[in-house]
Amino acid sequence: MDATEKKEVIKKKYQEIVTLGGSCCSGGGCCGDSSSADLSKSFGYSEADVQAVPDANLGLGCGNPTAFAELKPGDIVLDLGSGAGFDCFLAAQRVGSSGKVIGVDMTPEMIEKAQANAQKYGYLNVEFRHGDIEALPVDDSSVDVIISNCVINLAPDKEKVFREAFRVLKPEGRMYVSDMVLLAKLPEDLQNDKELLAGCVAGAVLKEEYLNLLIKAGFSVKILAEDSDISKRQYGGLPVESLKLKAWV
């Protein structure tokens with residue numbers, strides 16, 4: 001598959017999730033019968049988190065970037081791949097009315113769901129924009145903090161994503177990411193598996209490559225945590241892990 005085909009596969013899968021329910025890995029059964037709340041708690045969300053905006057929690061992450069993002073009142077936050085808005089709303093609670101959260105997602109149905117959730121739960125400091133994280137609809141040097149939860153692995157051109165993130169961050173801005181990376185190369189047949197692509201595995205790159213791309217884009221990087229157990233919990237022992245990191249300008 002080329003980049004356009006990959007994006008269409010991913011978009012179709014997430015359209016199905018937001019309209020019909022399920023998770024990003026439901027097609028392969030790797031999450032079993034776990035609910036969105038249970039999945040999110042396994043990623044590091046608290047009971048209070050999952051109860052805060054239940055309609056926005058689709059159980060799609062691989063970590064909880066809002067838990068380690070060091071957000072403070074007044075911050076302007078950008079969420080790469082905001083889905084139904086779950087992380088955006090948690091971030092909005094931390095930045096307060098003096099701050100703002102912008103969510104960007106390429107799936108129109110996700111944007112519609114997120115906007116409906118913002119209206120339903122009264123989040124006035126959150127805005128959702130339809131767009132591609134490889135070409136962000138965000139001004140230069142306008143964001144204090146970027147968060148992203150299990151999304152960058154889906155982008156065919158991760159170098160573009162990191163360059164765009166660097167562009168929109170203010171001087172001394174920072175990015176907090178939870179994402180899937182490979183610990184060994186996948187066989188070619190798995191690299192082209194549509195379910196694994198939408199399930200955050202087939203599009204992932206080796207951990208060292210991921211870190212090198214961040215550095216190439218201009219970031220300094222610190223690994224905060226690595227969850228290799230997620231391989232057994234959700235991915236049938238494939239050579240993957242959830243990587244939590246901080247990158248800064």
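I started with Asp227, which I found in strand 6 (residues 220-227); strands here are DSSP runs of E, at least two residues, and helices runs of H or I, at least four, numbered from the N terminus. I'm working on a predicted model, where local features need pLDDT of at least 70, side-chain atom pairs count only at pLDDT 80 or more, and totals for chains, interfaces and linings use all residues. Residues are numbered from 1 along each chain as its sequence is written, and side-chain values use heavy atoms, with hydrogens and water left out.

Is Asp227 buried or exposed? Asp227 counts as buried because its relative accessibility is 17%, and the cut-offs are under 20% for buried, over 50% for exposed and partly exposed in between (1.4 Å probe, protein chains only).

Next I looked up what surrounds Asp227. Neighbours within four places in sequence aside, Asp227 is in contact (heavy atoms within 4.5 Å) with Arg233, Glu241, Ser242 and Lys244. I also noted a polar atom of the Asp227 side chain 3.1 Å from the backbone nitrogen of Asp229.

Then I went through backbone angles. Ser141 isn't a glycine, yet its phi is positive, near 45°. I placed Ser141 in the loop between strand 3 (126-130) and strand 4 (143-149). Ser141 is partly exposed, with a relative accessible area of 42%.

I found Glu70 in the loop between helix 4 (65-68) and strand 1 (76-80).

Key
A polar contact is a pair of N or O atoms within 3.5 Å; within protein, one must be able to donate a hydrogen and the other to accept it, and residues adjacent in sequence count only if both atoms are side-chain atoms.
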